[in-house]
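Subject: Handing over a structure

Hi,

Please have a look at it first and then read on.

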Amino acid sequence: MPVDPVHTAYAAAVNLNGPGHYLDWGVIQISAANLTVIAVMIVLFILALILPFPKGRGRR
Amino acid sequence: MSAGEATPIGPDAVGGQESTGGWTSALRRRAVRALPPEKLLPDTQPAYMASWIYVFGVLTLAAFLVALASGCVLALKGPAWWHTSGVGHYVNSLHLWSVELFMAFMVIHLWGKFFMAAWRGRRALTWITGAVTFLASIGTAFTGYLIQQNFDSQWIATQAKDGMNAVGSGAYFNVMNFGQMIMWHIVLLPAAVGILIAAHLLLVRRRGIVPPIARPAPDTPPSAAETAPLDSATGIRPDAEPEARS
């Protein structure tokens, strides 16, 4: 099967079967899945601060 | 005590709270004083609550309820079901992913409250119950990973036992003991997390949503504690909010 870089990257991001992919910088080691989750959480946190909230009733 | 000397009971006695005795009426008076119905189920919320950052608390609660419900189904149906059937796999995955969302939403909620200094205004106990809930949730998730009944759980258990033995708790909290771990996971820790969440929510209702820094809280009716006599030595109310002291 030909190796498609885009397909490979996509599959690595979503395929949870098989051994995990790990990143390491010296003593710091983290799985790509955990790093992705943390990144998504940080993005959500920032969006929650900057996105406008819909106007609602019953507030003072 | 004869029937004629008995304390009157019924609607009149309930309405006239001061006339009743016993621990039930005392507890009721204290509960209503601490958390009157209009605070427990308010009609309105402060305008500053109109921000997405205030949503993550209730998202955490929603994810917890899904985890609890899917966990109940798993407990009722058993491992032979969740390991082999399609629906069992689905509910098992629902349990996992609701917990993933629960932890993620809780940490974002924690970040928001930390940067708001949400312990301001006599909300220290609210903050503490939230922090302890976080710790109890980590224990619940950990024991959940231990009872997956796969190679991953075996790996986690054999790695964790060294840590537990190193701190001397391995004899009492034996991560290699499947029976003990499943009881921690489905009885003790969920009960602890549930009780802590309930206490946390009641404290949020009692103290109100924390206002943004440098913005006063809305003009809510003062509670009994806020109308307490001033301290004779300092001239301030001991438990009043810092903003109210100046």
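Which pattern does chain B follow when read along the sequence? The pattern is α-α-α-α-α-α-α-α-α-α, and the secondary structure of chain B comes to 10 helices and zero strands. Helices here are DSSP runs of H or I with at least four residues, strands are runs of E with at least two, and both are numbered from the N terminus.

Some housekeeping before the details. This is a predicted model, in which local features need pLDDT of at least 70 and side-chain atom pairs count only at pLDDT 80 or more, while totals for chains, interfaces and linings use all residues. Residues are numbered from 1 along each chain as its sequence is written, and chains are lettered from A and ligands numbered from 1 in the order in which they are written.

**Chain B as a whole**

Of the 246 residues in chain B, 21% count as buried. A residue is buried if 20 or more other C-beta atoms, placed from the backbone, lie within 10 Å of its own, exposed if 12 or fewer do, and partly exposed in between. Among the contacts in chain B with a separation of 6 or more, 69% join residues 24 or more positions apart; a contact requires C-beta atoms, placed from the backbone, within 7 Å.

**Two domains**

Chain B is divided into domain 1 (51-109) and domain 2 (117-208), with bounds from an automatic or database domain assignment. Their C-alpha centres lie 15 Å apart. Nine residues of domain 1 of chain B and eight residues of domain 2 of chain B make up the contact. On the domain 1 side, α4 and α6 of chain B each supply at least two residues, and α4(B) gives the largest share, five residues. That side has eight nonpolar, one polar and no charged residues. In this scheme Ala, Val, Leu, Ile, Met, Phe, Trp, Tyr, Cys and Pro are nonpolar, Asp, Glu, Lys and Arg are charged, and the others, Gly among them, are polar.

**The cores**

A nonpolar core is a set of buried Ala, Val, Leu, Ile, Met, Phe, Trp, Tyr and Cys residues joined through C-beta atoms within 7 Å. The largest one has 13 residues, of which B:Ala63, B:Ala67, B:Phe102 and B:Phe105 touch the most other members. Its largest share, six residues, comes from α6(B). Leaving aside neighbours within four places in sequence, B:Phe105 is in contact with B:Phe56, B:Leu59, B:Thr60 and B:Ala63.

**Helix α6 and its end**

With 31 residues, α6(B) reaches 44 Å from its first C-alpha to its last, close to the 45 Å expected at 1.5 Å a residue (1.5 Å times one less than the number of residues). B:Met116 has its place in this helix. Is B:Met116 buried, exposed or partly exposed? It counts as partly exposed because it has 16 C-beta neighbours inside 10 Å. Beyond its neighbours within four places in sequence, B:Met116 is in contact with B:Val210, B:Pro212 and B:Ile213. Just after α6(B), B:Ala117 takes a positive phi of about 50°.

**Where the chains meet**

The contact between the chains takes 16 residues from chain B and 12 residues from chain A. Helix α6 (residues 86-116) of chain B brings the largest share of the chain B side, four residues. By class, that side has 12 nonpolar, three polar and one charged residues.

Enjoy exploring!

Notes. Contact = placed C-beta atoms within 7 Å.
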